[in-house]
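Good morning, and thank you for joining this group meeting. Please keep the sequence and the structure in view while I speak about side-chain contacts.

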Amino acid sequence: MVIKKKYKFYASHRNQLLCGKCSSWHGHRYGITIAIIPEKSTAGITMLFADIDAIADKVIEEYDHACLIDKNDPYLEQMTSMVDGDQLPMKYKVFGKPTSVENLAGKLFHELFIAGLPMNEIEVQETDSSVVIYTALDYEGELK
């Protein structure tokens, strides 16, 4: 059995390694569909949708209305130099690599899995016609 749950969030990013429009700051309304394989109890009950939300909402909240940025992006230094005290004037999420939708899918999968969801796959929709599917097999491959 597979249970799917959908979420959305808004975020800005840029891909500094690319040429053209994607190297400029821009935003997306990301659509997320998580698929989990829950354990079924003897009564035939799996995870409640509210239990999934309790975990997923905490992870996704970190991304919502945030600036997604690669740790190697020169703008990160400029952003952190705008610090007033210890607080940045904007919400941001630092990636260990470029902020492509593929890397976003992998990062979200990892964070949701670590948070306790028995993940099977995640679909991340960047535009109306563009979706990346990241699976448990992809995750296992990256751990090697």
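Which residue forms a salt bridge with Asp 53? The partner is Lys 5, and the closest N and O atoms are 3.1 Å apart. Asp 53 belongs to helix H1 (residues 49–61) and Lys 5 to strand S1 (residues 3–13), so this pair ties together parts that are 48 residues apart in sequence. Both Asp 53 and Lys 5 are buried.

Before I continue, a note on sources and terms. This is a predicted model, in which local features need pLDDT of at least 70 and side-chain atom pairs count only at pLDDT 80 or more, whereas totals for chains, interfaces and linings use all residues. Residues are numbered from 1 along each chain as its sequence is written, and side-chain values use heavy atoms, with hydrogens and water left out.

A salt bridge is a side-chain nitrogen of Lys or Arg within 4 Å of a carboxyl oxygen of Asp or Glu. Helices (H or I, at least four residues) and strands (E, at least two) are DSSP runs, numbered from the N terminus. Buried means under 20% relative accessible area, exposed over 50%, and partly exposed in between, with a 1.4 Å probe and protein chains only.

The structure holds 7 salt bridges. Another of them joins Glu 62 and Lys 93, at 2.5 Å from N to O. Glu 62 lies in the loop between H1 and strand S3 (66–70), and Lys 93 in strand S4, 31 residues apart. Glu 62 is partly exposed at 38% relative accessibility, whereas Lys 93 is buried at 13%.

I turn now to aromatic rings. Rings of Phe, Tyr and Trp (its six-membered ring) pair if their centres lie within 6.5 Å; planes under 30 degrees apart count as stacked, over 60 as edge-to-face and the rest as tilted. There are 7 aromatic pairs in the structure. Trp 25 and Tyr 75 form one that is edge-to-face, with 5.9 Å between centres and 65 degrees between planes. Trp 25 sits in the loop between S1 and strand S2 (26–36) and Tyr 75 in helix H2, so the pair ties together parts 50 residues apart in sequence.

How many degrees separate the ring planes of Phe 109 and Phe 113? The angle is 10 degrees, with the centres 6.4 Å apart, so the pair is stacked. Phe 109 is buried at 1% relative accessible area, while Phe 113 is partly exposed at 38%.
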